[in-house]
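Please look through the sequence and the structure shown below. The questions that follow take up single residues and the surroundings in which they sit.

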Amino acid sequence: MTRTRRPSPPPLEANDQLVASVITAGWATALVVLLALWEQIPAGQRWWIWTCATGTAMGLFGLWFVPRMKRSRARSAARRNQSPG
């Protein structure tokens, strides 16, 4: 029995800056909490601090990179639409 497949829905648009900001704030908050509790964290579990620091750094990079990527994609789309052919 074959079923006809419905077309895929269009992708959802999200506010990428807001998403990256909230996630980065979460990593930064976790980093501050872990640094405040430094003495109470067993030495074998302090890798969590580096995880939070890395998450914060990657989030900050994302906040810098995403707007540039979107502008670049918009410029490429505009050039594609303007080119004859």
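Q: Leaving aside its neighbours within four places in sequence, with which residues is T24 in contact?
A: This is a predicted model, in which local features need pLDDT of at least 70, side-chain atom pairs count only at pLDDT 80 or more, and totals for chains, interfaces and linings use all residues. Residues are numbered from 1 along each chain as its sequence is written, and side-chain values use heavy atoms, with hydrogens and water left out. T24 lies in helix α1, where helices are DSSP runs of H or I with at least four residues, numbered from the N terminus. Taking contact to mean heavy atoms within 4.5 Å, and leaving aside neighbours within four places in sequence, the partners of T24 are T56, G59, L60 and L63.

Q: Is T24 buried or exposed?
A: Buried means under 20% relative accessible area, exposed over 50%, and partly exposed in between, with a 1.4 Å probe and protein chains only as cover. Because the relative accessible area of T24 is 7%, T24 counts as buried.

Q: Which residue forms a salt bridge with K70?
A: A salt bridge is a side-chain nitrogen of Lys or Arg within 4 Å of a carboxyl oxygen of Asp or Glu, and a search of the whole structure finds one. The pair links distant parts of the chain, 54 residues apart, with K70 in helix α2 and its partner in helix α1 (residues 16-36). The closest N and O atoms are 3.1 Å apart, and the partner of K70 is D16.

Q: Which residues form the positive surface patch?
A: Patches are made of residues with over 30% relative accessible area and no salt bridge, like charges being joined within 9 Å and nonpolar side chains (Val, Leu, Ile, Met, Phe, Trp, Tyr) within 5 Å. Lys and Arg count as positive, and the place of a charge is taken as NZ of Lys or CZ of Arg. One member, in helix α2 (residues 47-82), is R68, which is partly exposed at 38% relative accessible area. The patch is formed by R68, R71, R75, R79 and R80.

Q: What is the area of the nonpolar surface patch made by V19, I23 and W27?
A: I23 has its place in helix α1 and is partly exposed, with a relative accessible area of 49%. Accessible areas come from the Shrake-Rupley method with a 1.4 Å probe, and for the patch of V19, I23 and W27 the area is about 260 Å².

Methods
Helices (H or I, at least four residues) and strands (E, at least two) are DSSP runs, numbered from the N terminus.
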